[in-house]
Amino acid sequence: MDYLILAINPGSTSTKIALYANEKEIFVKTIEHPAYEIAKYNKVSEQFEMRKEMVLTFLKNNGFETGQLSAVVGRGGMLPSVKSGAYRVNNQMVERLKNNPITDHASNLGALVAYEIANSAGIPSYIYDSVRVDELEDIARISGMPDIPRTSTSHALNSRAMAIRAAKKYGRKYSDMTFIVAHLGGGISLSVHAKGSMVDIIADDEGPFSPERAGRVPCKDLIDLCYKVKYDRTTMQKKLRGNGGLKAYLGTTDARIVENLIEDGNYEAKLIYEAMAYQVAKGIGELATVVKGKVDRIILTGGLAQSPLLTKWIKDRVEFIAPVEIMPGENELESLAFGALRVLEGKEELKEYVD
Ligand SMILES: Nc1ncnc2c1ncn2[C@@H]1O[C@H](COP(=O)(O)OP(=O)(O)O)[C@@H](O)[C@H]1O
Ligand SMILES: CCCC(=O)OP(=O)(O)O
């Protein structure tokens with residue numbers, strides 16, 4: 001039997017959607033949301049109707065009705081900690097993501113749009129490998145400040161999918177191998193996968209800076225910037241996420257523009273870009289200690305992994321730990337759809353979200 005699965009991955013500037021018939025891709029589309037359009041909304045949650053309508057219109061224009069779908073799956077949002085794998089989108093999840101998400105993030109719309117479309121068609125909706133997959137060991141939860149325990153926020157969907165794909169390539173099980181995965185996109189997060197769990201991570205505010213995020217910055221100076229300089233909360237949040245990293249130093253989040261500057265001999269561009277690689281390598285080194293250096297493979301993935309220059313800089317510094325596998329781009333829509341398919345086929349457990 002063929003299952004028709006709609007996968008929805010909302011990002012800060014785009015909504016990526018794909019339709020699959022079992023494992024066959026029918027179409028994949030990135031709907032761009034220009035900055036002036038996004039600027040009309042104070043909060044991401046307010047973009048719900050606009051994003052949903054765009055998905056529905058696209059589906060219709062491609063000759064499909066929601067009534068033909070078997071399930072809708074969305075990228076899991078900023079929930080309290082959840083397990084890896086599939087969850088049914090239920091009322092509690094919808095309430096949490098609408099009214100009290102851990103962070104206002106585009107991924108929150110994945111479950112909400114999936115739920116609405118699926119409900120109107122009388123079919124199930126799921127999330128898969130949410131950004132809040134939390135499999136940290138107890139020791140990893142200690143931050144040094146009891147008020148702020150560490151939890152897990154990462155690019156779990158792509159990172160786990162790439163590690164699972166790599167294990168398959170070596171003819172081994174994901175759960176029998178140890179990986180360090182660096183997801184190198186507009187935001188960067190790192191994770192260490194041991195015995196089939198993401199036992200520790202470095203979130204986008206704990207480690208390397210990225211094209212649009214500041215990463216870890218000196219804490220005392222950060223406090224001074226809030227209280228002495230008195231930037232408001234939104235400005236500070238933007239400095240960390242959105243206007244940080246490459247954007248703050250070089251005025252662009254596009255690594256290809258940075259590489260052009262480097263080719264033209266721009267010293268500042270090279271210094272900053274190489275510093276990003278240096279910080280990624282440092283993060284990988286940090287995570288290698290979690291598994292006492294016993295790492296089978298280091299995986300570099302995400303848009304930036306398409307850059308031979310950046311990946312060489314990282315590789316040169318971390319290859320002493322384990323061989324480096326470069327898996328450019330991301331695999332999120334396929335991972336969502338295949339996860340939903342395994343649930344529909346009864347091959348994978350469907351978890352119930354409880355707030
Ligand atoms: N061929 C390439 N070489 C270098 N960088 C690239 C290339 N293609 C995309 N990038 C960079 O990858 C980053 C975006 O990665 P991506 O995984 O698409 O992020 P996101 O999904 O978070 O927007 C951008 O900085 C972009 O400039
Ligand atoms: C690190 C949490 C997930 C996240 O930030 O995703 P994007 O980089 O796609 O915004």
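How many bridges join strand S4 to strand S6, and do the two run parallel or antiparallel? Strand S4 (residues 71–75) and strand S6 (residues 125–128) run parallel and are joined by 4 bridges. Across this pair, Val 73 is opposite Tyr 126 in S6. Strands pair here if DSSP finds at least two bridges between them; strands (E, at least two residues) and helices (H or I, at least four) are DSSP runs, numbered from the N terminus.

The model is predicted: local features need pLDDT of at least 70, side-chain atom pairs count only at pLDDT 80 or more, and totals for chains, interfaces and linings use all residues. Residues are numbered from 1 along each chain as its sequence is written, while chains are lettered from A and ligands numbered from 1 in the order in which they are written.

S4 and S6 belong to an open sheet of 7 strands with mixed pairing, in the order S3-S2-S1-S4-S6-S5-S12. Strands S3 (24–32) and S12 (350–352) are at the edges with a single partner strand each, so one side of each has no neighbour in the sheet. From one strand to the next the twist averages 25°; angles run from 0 to 180 degrees between N-to-C directions, with axes fitted to C-alpha atoms, for helices over the stretch in contact.

Helix H2 (residues 48–61) packs on this sheet, touching S1 (4–10), S2 (14–21) and S3, with its direction at about 40° to that of S2. Contact requires C-beta atoms, placed from the backbone, to lie within 7 Å. Helix H12 (residues 332–344) lies across S1, S2, S3, S4, S5 (86–88), S6 and S12, at about 140° to S1.

How values were computed: Two residues are in contact if their C-beta atoms, placed from the backbone, lie within 7 Å.
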